[in-house]
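Biologist: Before I use any labels for this protein, I want to hear what stands behind them. Please show me the model and let me ask.

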Amino acid sequence: TAAKPLAGGGASRRSGKGRGGNGGRGISSSSSSRRGIPTLVSLTRANNISIMASRLPGGPEEIARAVANGNHDGMLSLDRLSVLIQAAPTDDELEMLACYGGDPNALTPPERFLLELSRVPRLHAKLRSMAFVLQFPETCQELSEALEAISSACIEVRRSEELKAVLTVALAAGNTLNAGTARGDAAGFTLDSLHKLSDVRS
């Protein structure tokens with residue numbers, strides 16, 4: 001299934017004093033944002049967010065609201081959550097955005113996207129939890145099928161007369177080869193011992 005996954009995006013680490021920052025007085029945007037050039041994140045990161053955000057329904061506010069209320073209305077599918085987990089602000093970006101004190105409208109669309117998501121409490125934990133909830137039925141189904149396969153195999157092993165015959169011959173061969181030693185006259189053997197049968201020569 002998808003989702004491999006599932007925490008924040010792969011942006012490079014930045015602090016509150018990163019690009020466009022002004023220390024403890026809060027980060028404010030510059031004229032670069034008004035020209036469409038991001039000031040809070042790199043251009044590569046902004047382009048990646050734009051591509052991922054285009055695959056999501058609604059605007060940044062709607063998406064942030066859906067995450068905040070636990071995807072109650074089912075707006076975010078598992079595939080969309082996988083995209084959102086990649087696009088979500090990293091811990092460093094969350095710290096940087098918390099210091100932003102400028103006009104959100106002065107930011108580029110990718111930066112506004114990150115800003116809206118950064119306002120969701122426990123963002124990464126909520127995204128992972130929602131993805132887990134959506135994956136749970138399929139995961140349970142896969143585990144159930146695997147357990148059924150193991151159970152069926154165990155039943156076949158216990159019922160197989162052919163396997164019993166093979167194991168009986170193997171035990172007899174081992175006792176014959178080990179006759180007169182401490183290993184002779186054994187009442188049984190471990191399954192790992194079966195690997196040694198390939199080394200036996202007539």
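Modeller: What follows is a set of questions about labels, each answered from a value and its cut-off.

Modeller: Bear in mind that this is a predicted model.

Biologist: What makes up the secondary structure of the protein chain?

Modeller: The chain has eight helices and zero strands. Read from the N terminus, the order of elements is α-α-α-α-α-α-α-α.

Biologist: What share of the 202 residues in the protein chain is buried?

Modeller: Buried residues account for 33% of the 202. A residue is called buried when its relative accessible area is under 20%. The chain exposes about 12,700 Å², and 55% of that comes from carbon and sulfur atoms.

Biologist: Why are α2 and α6 called roughly perpendicular to each other?

Modeller: Two packed helices are described by the angle between their axes and the distance between the axes. Here the axes of α2 (residues 43–53) and α6 (residues 109–118) cross at roughly 75 degrees and come within 8 Å. Angles of 65 to 115 degrees count as roughly perpendicular, and α2 and α6 are therefore given that label.

Biologist: Which residues make the contact between α2 and α6?

Modeller: From α2 they are R45, A46, I49, S50 and A53, and from α6 they are P110, F113 and L114. Sorted by class, this contact has six nonpolar, one polar and one charged residues.

Biologist: How do you know that the buried residues of α2 line one face of the helix?

Modeller: The buried residues of α2 are R45, A46, I49 and M52. Seen down the axis, they fall within an arc of 130 degrees, so they line one face. On the other side of α2, the residues L43, T44 and I51 are exposed. The buried residues of α2 pack against α4 (78–87), α5 and α6.

Biologist: What puts the buried residues of α5 on the same side of that helix?

Modeller: In α5 (residues 91–98) the buried residues are D92, E93, M96 and L97. The arc they cover around the axis is only 130 degrees, so they sit on the same side of α5. D91 and A98 are exposed, on the face turned away from the buried side of α5. The cover over the buried residues of α5 includes α2 and α6.

Biologist: Why is F113 called buried?

Modeller: F113 is found in helix α6. The cut-off for buried is under 20% relative accessible area, and F113 has 3%, so F113 is buried.

Biologist: What is F113 in contact with, leaving aside its neighbours within four places in sequence?

Modeller: With that exclusion, F113 is in contact with I49, A53, L56, P60, I63, L84 and A87.

Biologist: What makes I85 a buried residue?

Modeller: I85 lies in helix α4. Its relative accessible area is 5%, so I85 counts as buried under the 20% cut-off.

Biologist: Where does M75 lie, and why does M75 count as buried?

Modeller: M75 lies in the loop between α3 and α4. The relative accessibility of M75 is 16%; buried means under 20%, so M75 counts as buried. Not counting residues up to four places away in sequence, M75 touches P57, G58, E62, I63, A66 and R80. The C-alpha atoms of M75 and P57, 18 residues apart along the chain, are separated by 7.7 Å.

Biologist: What is said of phi at N71, and is N71 buried or exposed?

Modeller: Phi of N71 is near 60 degrees, which is a positive value in a residue other than glycine. N71 lies in the loop between α3 (60–68) and α4. At 11% relative accessibility N71 is under the cut-off of 20%, so N71 counts as buried.

Biologist: How do you know whether R122 is buried or exposed?

Modeller: Exposed means over 50% relative accessible area. R122 has 62%, so R122 counts as exposed. R122 is placed in the loop between α6 and α7 (123–159). Phi of R122 is near 50 degrees, again a positive value in a residue other than glycine.

Notes:
Residues are numbered from 1 along each chain as its sequence is written. This is a predicted model: local features need pLDDT of at least 70, side-chain atom pairs count only at pLDDT 80 or more; totals for chains, interfaces and linings use all residues. Side-chain values use heavy atoms; hydrogens and water are left out. Axes are lines fitted to C-alpha atoms, for helices over the stretch in contact, and angles run from 0 to 180 degrees between N-to-C directions. Helices (H or I, at least four residues) and strands (E, at least two) are DSSP runs, numbered from the N terminus. Angles under 35 degrees count as roughly parallel, over 145 as roughly antiparallel, 65 to 115 as roughly perpendicular and the rest as oblique. Contact means heavy atoms within 4.5 Å. Ala, Val, Leu, Ile, Met, Phe, Trp, Tyr, Cys and Pro count as nonpolar, Asp, Glu, Lys and Arg as charged, and the others, Gly among them, as polar. Buried means under 20% relative accessible area, exposed over 50%, partly exposed in between (1.4 Å probe, protein chains only). The arc is that of the directions from the helix axis to the C-beta atoms. Accessible areas come from the Shrake-Rupley method with a 1.4 Å probe; for residues, only the protein chains shown count as cover.
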